[in-house]
Amino acid sequence: MMEYLYIKSDKERGVEATFKWLSDELQELKEALNNKNQAALEREFADVIAWLVSLANITNVDLEKVALEKYNHKCPKCQQAPCTCEFIKIKPNGPVQHL
Ligand SMILES: [Zn+2]
């Protein structure tokens, strides 16, 4: 979807300027982490993902493909796809963890 919507403007901006946007967003993510502001943190994660995808698109990198290949298309713990690990939630809105 990002490619469909933004490839023309991303290509016009170019790799160097797009990388600069990604770097700026990473800095803003760092600030949000330091400020412990959950709403700002969520916005900055979304911004980082968006600029990372834009950069991947204009450098002909299929981000989904390389991300799946990084983990050999399966869970690194149970070696299954989809993952068959059992998870628990420590807190109601907290992260899930392997048992
Ligand atoms: Zn698993």
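**Close-up views of a predicted model with a zinc site**

Figure 1. The SG atom of Cys83 is one of the donors to the zinc ion.

Figure 2. The zinc ion is held by the SG atoms of Cys75, Cys78, Cys83 and Cys85, at 2.3 to 2.5 Å. The angles subtended by the four donor atoms run from 102 to 117°, and the arrangement is therefore tetrahedral. Along the sequence, the donor residues follow the spacing C-x2-C-x4-C-x1-C. Both Cys75 and Cys85 sit in the loop between helix H4 (63-70) and strand S1 (87-89), so this pair ties together parts that are 10 residues apart in sequence. The number of disulfides comes to zero, where the criterion is a pair of cysteine sulfur atoms within 2.5 Å.

**Figure 3. Helix H2 and its buried side.** Helix H2 covers residues 15-35, which is 21 residues. From first C-alpha to last, H2 reaches 30 Å, close to the 30 Å expected at 1.5 Å a residue. The buried residues of H2 are Thr18, Leu22, Glu25, Leu29 and Ala32. These residues lie on the same side of H2, because the arc they cover around the axis is only 75°. Their packing partners are helix H1 (2-13) and helix H3 (38-58).

**Figure 4. The outward face and the end of H2.** Glu16, Asn34 and Asn35 are exposed and lie on the face of H2 turned away from its buried side. Lys36 follows H2 and has a positive phi, near 50°.

**Figure 5. The protein chain around these sites.** The protein chain contains four helices and two strands, in the order α-α-α-α-β-β from the N terminus on. Of its 99 residues, 22% are buried. When contacts between residues at least 6 apart in sequence are taken, 38% of them join residues at least 24 apart.

How values were computed: Residues numbered from 1 in each chain as written. Predicted model: local features only at pLDDT ≥ 70, side-chain atom pairs only at ≥ 80, totals over all residues. Heavy atoms only, no water. Donors = N, O, S within 2.8 Å, 3.2 Å for Na, K, Ca; no water. Tetrahedral: all angles 85-135°; square planar, octahedral: opposite > 155°, others 65-115°. Expected span 1.5 Å × (residues − 1). Buried < 20%, exposed > 50% of the residue type's maximum accessible area, 1.4 Å probe, protein only. Arc of directions from axis to C-beta. Contact = heavy atoms within 4.5 Å.
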